[in-house]
Amino acid sequence: TLFRSVLEEQLKRREEHNKQQVALEQAEAEVRRAEALRILKEKEAKEAQAAVDARKAKATAEQHRELEAARAAVEAKEAKDKADELAKRQAVMLADSPSKSVQPSNNKYEDDFEVEEEQ
């Protein structure tokens with residue numbers, strides 16, 4: 001009976017130890033699952049932030065293209081307006097002096113000088 005009670009005591013200890021071991025393994029598994037979930041959420045957050053950054057970069061690039069197109073349009077209009085003004089002045093000069101033949105100069109400096117004189 002003493003031997004039996006010693007064996008029963010050892011069996012109880014083993015069962016208790018096994019229960020503790022199972023509980024420890026379950027707790028470790030839960031910690032691993034929580035860590036994996038945290039890593040997954042971090043990855044998803046980084047991917048979402050990358051998508052937001054990409055959309056911002058695309059929008060910024062589009063705004064830059066639109067701004068450059070608007071700037072080019074303004075420059076083209078200014079050039080057209082200058083050409084129209086020069087054509088009007090040449091027409092007025094031709095109308096004012098029918099006996100003279102006005103020929104456009106090939107010298108840009110002279111063209112600018114003539115325009116400044118008229119102003």
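Predicted model: local features only at pLDDT ≥ 70, side-chain atom pairs only at ≥ 80, totals over all residues.
Local features are reported at pLDDT of at least 70 and side-chain atom pairs only at pLDDT 80 or more, while totals for chains, interfaces and linings use all residues. Residues are numbered from 1 along each chain as its sequence is written, and side-chain values use heavy atoms, with hydrogens and water left out.

Start with the whole structure: a search finds 11 salt bridges, each being a side-chain nitrogen of Lys or Arg within 4 Å of a carboxyl oxygen of Asp or Glu.

Select E9 and R13. Their side chains form a salt bridge at 3.7 Å, N to O. The two residues are 4 apart in helix 1 (residues 2-96), about one helical turn; helices are DSSP runs of H or I, at least four residues, numbered from the N terminus. R13 is exposed at 55% relative accessibility, and E9 is partly exposed at 38%. Here buried means under 20% relative accessible area, exposed over 50%, and partly exposed in between (1.4 Å probe, protein chains only).

Next, select E35 and R38. This salt bridge has an N to O distance of 2.3 Å, and the pair sits 3 residues apart in helix 1, about one turn. E35 is partly exposed, with 34% relative accessible area; R38 is also partly exposed, with 38%.

Finally, select E85 and R89. Their side chains meet in a salt bridge of 3.2 Å, N to O. E85 and R89 are 4 residues apart in helix 1, about one helical turn. E85 is partly exposed, at 36% relative accessibility.
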